[in-house]
Amino acid sequence: MAFPEPRPGPAELPRRLVRSIECGQGAVRAARFNADGNYCVTGGSDKTLRLWNPRTGSLLRSYLGHGYEVLDAAGSFDNSQLCSGSADKTVALWDVATGQVVRKFRGHAGKVNSVQFNEEATVIVSGSIDCSVRCWDCRSRRPEPVQVLDEAKDGVSSVKLSDHEILAGSVDGRVRRYDLRAGELHSDYVGSPVTCVCFTKDGQCVLVASLEAPLRLLDKDTGEMLGEYSGHRSSSCRLDCVLSERDAHVGCASEDGAVYFWDLVEGSLALRLPVGRGAVQALAFHPTRPALLAATGATLHLWDTGDEEGDAAP
């Protein structure tokens, strides 16, 4: 006899500081959880990537190979590989266990702002200030990208992937969605330089952060604006936006040293989380539970609800 699943409780937000880590990488430019959320990777202005256990604060490995600051990073579905994009115009594929560069992809004409693996970790998609999105085959020895998407009229600040779509946000104020199955391009104009984009978990909506503008939730298919979220400060920095693990809340980094969360449906401010001094440069939400990574300066902070067993003190 099968018992029914327990009804989920109300969505919670991370409010308790569990750990602060001095990363020793200069300014932390990117912080990302791995696929299961047990570890995280940070990219620094000192050209390094570092792998951490954020709960204990222990450094597991450093990755050296970029010639300039690391602006973004992502992990593969099986946690065996990392990819990173750098201001040295390259995209690097790393072996997590050995710390070695497996491949380095050169072809962008400017710094690489954003990188993502596809679901099988066979392709890396990168977005660059050179106005292009490029797709790199991890299995091929060919040096050139397998596809170049160059419709953007200004730098590409953020790329995200679903199973058959590439979402790209650009400084030209447009969010472009490439449907790879249908071979179609869908474009929505938001009117100000886009700093970050992401899909909702159900794949029906797109969250867009842009300069001097509210956070916006758009219907993926029609481009209709479903919600606006304001209160944070975004005037000059490329700031991350996130969705909570159950799509109940949307969040955005802010230049006033805080992270703001709003109720996705109601649009009301649910939490202003003070993180530190200066802009919050990097933000990542845990894939399965209410936990948050936020970086200011050289420090990475882990926040959760405080109800996990064995929580460490800050």
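Me: Before we get to the repeats, how should I take UniProt positions here?
Reply: UniProt positions are given in the numbering used here, and the annotations may be inferred rather than shown by experiment.

Me: OK, which residues does UniProt list for "repeat: WD"?
Reply: The record, an unreviewed entry, puts that feature at residues 21-62, 63-104 and 105-146.

Me: And what do residues 21-62 look like in the model?
Reply: This is a predicted model, and in it the span is 0% helix and 57% strand. Its end C-alpha atoms lie 15 Å apart.

Me: How far apart are the end C-alpha atoms over residues 105-146?
Reply: They are 11 Å apart, with the chain at 0% helix and 45% strand there.

Me: Switching to strands, how do E4 and E5 run?
Reply: Antiparallel: 6 bridges join E4 (residues 48-53) to E5 (residues 58-64). Arginine 50 stands opposite serine 62 in E5.

Me: What's in the turn of that hairpin?
Reply: There are 4 residues between E4 and E5, and glycine 57 in the turn has a positive phi of about 80°.

Me: What's the strand order in the open sheet of 4 strands?
Reply: E6-E7-E8-E9, with antiparallel pairing. E6 (70-75) and E9 (101-106) are the edge strands, each pairing on one side only. The twist averages 20° from one strand to the next.

Me: How many bridges join E6 to E7?
Reply: 5 bridges, with E7 covering residues 81-86. The bridge partner of aspartate 72 is glycine 85 in E7.

Me: Last one, what's the mean pLDDT?
Reply: The mean is 92, and 94% of the residues reach 70 or more. Over residues 309-314, though, the pLDDT is below 50. Where pLDDT is low, the predicted coordinates should not be read in detail.

Methods:
Residues are numbered from 1 along each chain as its sequence is written. This is a predicted model: local features need pLDDT of at least 70, side-chain atom pairs count only at pLDDT 80 or more; totals for chains, interfaces and linings use all residues. Side-chain values use heavy atoms; hydrogens and water are left out. Two strands pair if DSSP finds at least two bridges between them. Helices (H or I, at least four residues) and strands (E, at least two) are DSSP runs, numbered from the N terminus. pLDDT is the predictor's confidence in each residue, from 0 to 100. Contact means heavy atoms within 4.5 Å. Axes are lines fitted to C-alpha atoms, for helices over the stretch in contact, and angles run from 0 to 180 degrees between N-to-C directions.
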